[in-house]
Each structure stands twice: as structure tokens, then as C-alpha cells.
Amino acid sequence: MKFYDAHNHLQDDRLKPRLDEVMAAAQTESIARMVVNGASEADWPDVLALARRFPQVIPSFGYHPWYVKERTARWRENLAVYLEQVPSAIGEIGLDRWIQDYDAAEQEEVFLWQLRLAAEWNLPASIHCLRAWGKLLDILRREPRPACGFLLHSYGGAPELIPELTRLGAYFSLPGYCAHERKARQRETFRHVPADRLLIETDAPDQPLPAERNRHPLPEAGGKPVNHPANLRAVYDFAAELLGQPVEKLAEQIEENFLRLFSPEARRTRPGPTAARVPSRAP
Ligand SMILES: [Zn+2]
């Protein structure tokens with residue numbers, strides 16, 4: 001069996017000091033691929049470096065809604081520079097009305113620009129959405145979307161939205177965090193996801209599993225648990241229990257879904273950037 005992590009942040013400072021150890025564990029756990037999501041201009045260089053160093057890494061570049069205030073005047077050009085080097089995925093992008101002092105207009109502008117780019121280049125976009133489902137649906141209905149599809153990472157919307165989101169091209173990824181007792185609502189939602197649109201993620205170093213499922217404990221950071229990317233297998237086990245399937249069967253389905261959305265083979269057949277599509281460079 002091979003395992004595919006639809007969403008993590010391997011570049012995070014909490015994992016940096018033990019990267020070799022972490023990737024050795026990922027190898028032992030048969031993790032074939034992981035989509036490593038950048039969150040701002042500050043970490044895109046690290047994401048690219050990881051992709052050059054580890055063949056398992058599919059790099060994804062994007063501005064996360066939490067960090068839009070940090071963007072420079074050249075953020076669009078900078079993003080294009082990374083995507084031209086490895087045109088594999090755009091993310092983490094999105095809308096978040098849960099954080100304090102968010103600027104909805106600013107978030108929307110940054111999200112829209114990145115979504116349109118994903119559509120033009122036909123790259124899978126990884127979308128974060130908290131308390132903004134109505135807005136996100138509006139945008140997805142009226143804007144161009146990547147033909148290859150997009151990921152709703154750690155899906156926390158209502159089960160009723162799943163058919164419409166599926167029609168629009170969504171994949172839904174299940175995080176290990178849902179295994180916590182109090183996450184019953186989100187956990188149940190995943191029973192409504194079509195089998196061919198389900199993905200699995202660790203979101204490491206965030207969204208830790210309950211302690212009894214944590215197969216790779218790491219020292220806490222800032223008094224909070226740190227999720228190890230190699231816990232992916234434990235998330236698969238949890239997903240198999242939740243959906244009442246043998247983990248082998250689930251793993252086959254997830255592999256098919258993951259490769260359909262993120263495969264490097266599919267990437268090569270995409271049109272990719274053209275001069276006209278790349279935002280113009282300042283002299
Ligand atoms: Zn994330």
C-alpha cells in the first residue's frame with residue numbers, strides 16, 4: 001500500500017530542526033506523495049527547496065488568507081516565478097472569517113486572483129475556508145475554476161453543500177483532527193463525500209490526531225502538540241474505520257483520486273504558463 005497526503009506544511013519551523021528524521025519516517029510509512037503548501041512569500045523558497053530535495057514533495061504555492069496583510073507589491077509576480085519553476089499546484093488560498101480582524105475585501109481580492117490563475121493554468125488549487133461558505137460558493141459558481149478540480153482542505157462545510165461543490169469540481173480532504181470526540185459533526189459530514197472525491201490529509205504540523213492514535217509523537221511547540229507528517233497512515237486507519245472499509249480498499253481509491261488531481265503526469269499535459277498569461281514583470 002502507498003499513502004498520499006493531500007495537504008501538509010512540511011516547511012513549517014516546527015518541523016525544520018528534524019527534517020531528515022521526519023522524511024525517513026515518512027519513507028518507512030510508505031508515503032508516496034505529499035502536497036506541501038506554502039502560505040506566503042516568506043515560505044515559498046522553502047517549499048521549492050523541499051521539492052528539489054525530496055521526490056515525494058509536490059510543491060504548492062499560494063497566499064493563505066491569514067497572511068494576506070504581509071503581501072508585497074510584487075506578490076503576483078513572485079508567485080508566478082515559483083509556479084513557472086514547478087507548475088504543480090496553487091495553495092493554500094482561501095477565505096477565513098473566523099480569525100480576528102480579518103479584512104474580507106482584501107482576502108477576497110487575493111483569493112480571486114489566485115483562483116483565476118489556477119483556472120488559466122489548469123492547476124489544482126488547495127482551498128481553506130472557515131465561516132465563509134456562502135461567499136465561497138458564490139465565487140466558485142461565477143468564476144472560472146481549474147478544469148482539473150480543486151481541493152477543499154479539511155472540509156468543514158455542511159453536508160448539504162457537498163453535491164453542489166462536487167459539481168463545481170471539488171475534492172474533500174479528511175484530516176486526522178476529525179478523530180477527536182468533539183468533532184462528530186465534521187466527521188459525519190465525510191460519509192456524504194462521493195468516493196471518487198475523497199482525499200486524506202495530515203495538515204502537519206497542525207491538526208494533531210487524538211493522543212491514542214498518534215504514532216509519531218514529537219515534542220510540543222509553544223505548549224501545543226505538533227503533528228508528524230508520518231501520522232498519515234494513522235489518518236487512513238481512522239478514515240477506514242469511519243467509512244467502514246478495509247484500509248487496503250480505501251488506499252486504492254485515495255491513490256486514484258490523488259493522482260487524478262495532483263499527478264505530475266497530468267501536469268505535463270497541461271497548457272502551462274504562456275507569456276500572455278504570466279503577470280508582467282516590472283523592469
Ligand atoms: Zn494548511
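This is a predicted model: local features need pLDDT of at least 70, side-chain atom pairs count only at pLDDT 80 or more; totals for chains, interfaces and linings use all residues.
Residues are numbered from 1 along each chain as its sequence is written, and side-chain values use heavy atoms, leaving out hydrogens and water.

What coordinates the zinc ion? His7 (NE2), His9 (NE2), Glu92 (OE) and Asp203 (OD) do, at 2.1 to 2.8 Å. Donors here are N, O and S atoms within 2.8 Å of the metal (3.2 Å for Na, K and Ca); water is not among the atoms, so sites may look incomplete. Along the chain, the zinc donors follow the spacing H-x1-H-x82-E-x110-D.

## Aromatic pairs

Rings of Phe, Tyr and Trp (its six-membered ring) pair if their centres lie within 6.5 Å; planes under 30 degrees apart are stacked, over 60 edge-to-face and the rest tilted. By this rule there are 11 aromatic pairs. One of them is tilted: Phe61 and Tyr82, 5.3 Å centre to centre with 35° between the planes. Both Phe61 and Tyr82 are buried.

Another pair joins Phe258 and Phe262, with ring centres 5.1 Å apart and planes at 40°, so this pair is also tilted. Phe258 and Phe262 are both buried.

## An aromatic cluster

Phe61 and Tyr82 also belong to one aromatic cluster, together with Trp44, Tyr63, Trp75 and Trp113.

Technical notes: Buried means under 20% relative accessible area, exposed over 50%, partly exposed in between (1.4 Å probe, protein chains only).
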